[in-house]
Amino acid sequence: MKFFITVFFIFYRCFAGESILLKMDNKMSQALQGSNQHLLLDIAMETINLAGLPFEGMMSLQLSNSVARNEKEAFFTTIAMIGITVGVLKYSVDRERPERTYHPRLWNTRITPSFPSGHTAVSSGFATILSSIYPEYFSHAVFYTLLSGYSQIYTGNHFISDILAGWLIGFTLGKIAYNSTAL
């Protein structure tokens, strides 16, 4: 846990204020945003963006019927820890969302601060628990997490650093929850 806090603090300090890394993050994030010129890709990314949390919730409930009690606890403990951690960080850091050049075709709101990405943290936590229980799905879980994070950048909801922090939070809390319930 000390390692997680240290890495997160260093990460946050690198992207705070008007640092060069923050400016690079902004430019790279804008370069990866969608252009509204690829209808199928745009709709696919928006669908992944919006459907991720409901999909993960339904999969967690479905999987909870077929896994051991401690593994079920790991799923729900991870989600709870992520919700608390991301909520505290979002409003403590209070980072503005990226200036959006992409115009979503589907409903898309931006009512909370940007840093860290809660969607990505949940996706990463879900994938961490899933691949811990079912190691044969590791590559699928990694691909899903990468796609979930990229969809957030593509639709202009998050900076790259928001996504990286979300992945770090989700993975770390997923590992902590799984290891603590695997006893």
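Reader: How many nonpolar, polar and charged residues does the lining of the second largest pocket have?

Author: The lining of the second largest pocket has seven nonpolar, five polar and one charged residues. Here Ala, Val, Leu, Ile, Met, Phe, Trp, Tyr, Cys and Pro count as nonpolar, Asp, Glu, Lys and Arg as charged, and the others, Gly among them, as polar. The model is predicted: local features need pLDDT of at least 70 and side-chain atom pairs count only at pLDDT 80 or more, while totals for chains, interfaces and linings use all residues. Residues are numbered from 1 along each chain as its sequence is written, and side-chain values use heavy atoms, with hydrogens and water left out.

Reader: What is a pocket, and what is a cavity?

Author: Rolling a probe the size of a water molecule over the atoms shows where empty space is left. On a 1 Å grid over the protein atoms alone, a cavity is a set of points where a 1.4 Å probe fits but cannot get out; a pocket is an open set with protein on both sides within 12 Å along at least five of seven lines, and lining residues have an atom within 4 Å of a point. Grid points are joined across faces, edges and corners, and a volume is the space filled by probe spheres set on the points. The second largest pocket has about 230 Å³. Its lining holds 13 residues, and T128, S131, F138, V142 and F171 lie nearest its centre.

Reader: Which elements each supply at least two residues of that lining?

Author: They are α5, α6 (138-154) and α7 (160-181), and the largest share, five residues, comes from α5. Helices (H or I, at least four residues) and strands (E, at least two) are DSSP runs, numbered from the N terminus.

Reader: What is the volume of the largest pocket?

Author: The largest pocket holds about 270 Å³. Of its 15 lining residues, R97, T109, T112, H119 and N157 are the closest to the centre. Both α3 (39-64) and α5 (118-133) supply at least two residues of this lining, which has three nonpolar, nine polar and three charged residues.

Reader: How are two packed helices described?

Author: The description uses the angle between their axes and the distance between the axes. Axes are lines fitted to C-alpha atoms, for helices over the stretch in contact, and angles run from 0 to 180 degrees between N-to-C directions. For α3 and α6, the axes come within 9 Å and cross at roughly 120 degrees. That angle makes α3 oblique to α6; angles under 35 degrees count as roughly parallel, over 145 as roughly antiparallel, 65 to 115 as roughly perpendicular and the rest as oblique. The crossing of α3 and α6 is left-handed, meaning that the near helix is turned anticlockwise from the far one by less than a right angle (clockwise would be right-handed). The contact (heavy atoms within 4.5 Å) includes M45, I48 and F55 of α3 and Y144, L147 and Y150 of α6. Its residues divide into eight nonpolar, five polar and two charged.

Reader: At what angle do the axes of α3 and helix α4 cross?

Author: The axes of α3 and α4 (residues 69-93) cross at roughly 160 degrees and come within 9 Å. Therefore α3 is roughly antiparallel to α4. S60, L61, L63 and S64 of α3 make the contact with K72, F75 and F76 of α4.

Reader: Which peptide bond is cis, and what is its omega?

Author: Most residues other than glycine have a negative phi, and most peptide bonds are trans. The bond joining F115 and P116 is cis, with omega about -10 degrees. P116 is in the loop between α4 and α5. D94 also lies in the loop between α4 and α5, and has a positive phi of about 55 degrees although it is not a glycine.
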